[in-house]
Amino acid sequence: GADMIKRHKPEVLHVTTPGFIAITASIFAKLFNIPLVLTYHTHLPVYAEKYLGFVPFIVPITWFVVKYVHAAADLTLVTSPQLKAEFEEHG
């Protein structure tokens, strides 16, 4: 992790989400002052509703987590204009 960043001196970190590596990448990006780009591929709120719909408030909780993770990014890329609009709708 940190040794690799020190050795390679990246100009940007790019991570696809969701995934735990996004949290680690956001920490390293802050520590080493490297811009962080996150790419959102799996629409977690839809999966949460489909598979965990029985859990109260699962969709708002999922959106909260997605927003929290992506707040650390300097740029978030999404796969469609529709998903961009949904991201903007949820803050």
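Colleague: Where does proline 10 lie?

Modeller: Proline 10 is in the loop between helix H1 (2-8) and strand S1 (13-17). Keep in mind that this is a predicted model.

Colleague: And what is proline 10 in contact with, leaving aside neighbours within four places in sequence?

Modeller: Ile5 and Ile34. Proline 10 counts as partly exposed, at a relative accessible area of 26%.

Colleague: How far apart are the C-alpha atoms of proline 10 and valine 55?

Modeller: They are separated by 41 Å, and the two residues are 45 apart along the chain.

Colleague: Where does phenylalanine 57 lie, and what is its phi?

Modeller: Phenylalanine 57 has a positive phi of about 65°, and it isn't a glycine either. You'll find phenylalanine 57 in the loop between helix H3 (44-52) and H4. It is exposed, with a relative accessible area of 65%.

Colleague: Back to isoleucine 34. What is it in contact with, leaving aside neighbours within four places in sequence?

Modeller: Its contacts are Ile5, Pro10, Glu11, Val12, Leu13, Ala29 and Asp74.

Colleague: OK, cores next. How many residues make up the largest nonpolar core?

Modeller: There are 12 in all, including Ile5, Ile34, Phe28 and Val69. S1, helix H2 (21-32) and strand S2 (36-40) are the elements that give two or more residues to this core. H2 gives the most, with four residues. Apart from this core lies another one, of five residues, among them Tyr40, Trp63, Val66 and Phe87.

Colleague: Let's look at S2. How many of its residues are buried?

Modeller: Five of its five residues are buried. Leu36, Leu38 and Tyr40 sit on one side, with Val37 and Thr39 on the other, and both faces are covered.

Colleague: Why two groups like that?

Modeller: In a regular strand, side chains alternate between the two faces of the sheet.

Colleague: How do S1 and S2 run, and how many bridges join them?

Modeller: They run parallel, joined by five bridges. Threonine 17, for one, stands opposite tyrosine 40 in S2.

Colleague: What kind of peptide bond joins threonine 17 and proline 18?

Modeller: A cis one, with omega at about 5°. Proline 18 is in the loop between S1 and H2.

Colleague: And threonine 39, what does its side chain make a polar contact with?

Modeller: With the side chain of histidine 14, at 2.4 Å. Threonine 39 is in strand S2 and counts as buried at 9% relative accessibility. Leaving aside neighbours within four places in sequence, threonine 39 is in contact with His14, Val15, Thr16, Thr17 and Leu77.

Colleague: Switching to rings. How many aromatic pairs are there in the whole structure?

Modeller: A search finds five. In one of them, tryptophan 63 and phenylalanine 87 have ring centres 5.7 Å apart and planes at 80°, so that pair is edge-to-face.

Colleague: Which parts does that pair tie together?

Modeller: Tryptophan 63 lies in helix H4 (residues 58-71) and phenylalanine 87 in helix H5, so the pair links parts 24 residues apart in sequence. Tryptophan 63 and phenylalanine 87 are both buried. Ring pairs also link Tyr40, Trp63 and Phe87 into a cluster.

Colleague: What about phenylalanine 64 and tyrosine 68: what are the distance and the angle there?

Modeller: Phenylalanine 64 and tyrosine 68 are stacked, 6.5 Å centre to centre with 20° between the planes. Both lie in helix H4, four residues apart, about one turn of the helix.

Colleague: Buried or exposed?

Modeller: Phenylalanine 64 and tyrosine 68 are both exposed.

Colleague: Last topic, salt bridges. How many are there?

Modeller: The count comes to one. Glutamate 88 forms a salt bridge with lysine 84, with the closest N and O atoms 3.0 Å apart.

Colleague: Why can side chains pair up that way?

Modeller: Side chains of opposite charge can pair when their charged atoms come close. As for position, glutamate 88 and lysine 84 are four residues apart in helix H5 (residues 81-89), so about one helical turn separates them.

Colleague: Is glutamate 88 buried or exposed?

Modeller: Glutamate 88 is exposed, with a relative accessible area of 53%, while lysine 84 counts as partly exposed at 45%.

Key
Residues are numbered from 1 along each chain as its sequence is written. This is a predicted model: local features need pLDDT of at least 70, side-chain atom pairs count only at pLDDT 80 or more; totals for chains, interfaces and linings use all residues. Side-chain values use heavy atoms; hydrogens and water are left out. A salt bridge is a side-chain nitrogen of Lys or Arg within 4 Å of a carboxyl oxygen of Asp or Glu. Buried means under 20% relative accessible area, exposed over 50%, partly exposed in between (1.4 Å probe, protein chains only). Contact means heavy atoms within 4.5 Å. A nonpolar core is a set of buried Ala, Val, Leu, Ile, Met, Phe, Trp, Tyr and Cys residues joined through side-chain atoms within 4.5 Å. A polar contact is a pair of N or O atoms within 3.5 Å; within protein, one must be able to donate a hydrogen and the other to accept it, and residues adjacent in sequence count only if both atoms are side-chain atoms. Rings of Phe, Tyr and Trp (its six-membered ring) pair if their centres lie within 6.5 Å; planes under 30 degrees apart count as stacked, over 60 as edge-to-face and the rest as tilted. Two strands pair if DSSP finds at least two bridges between them.
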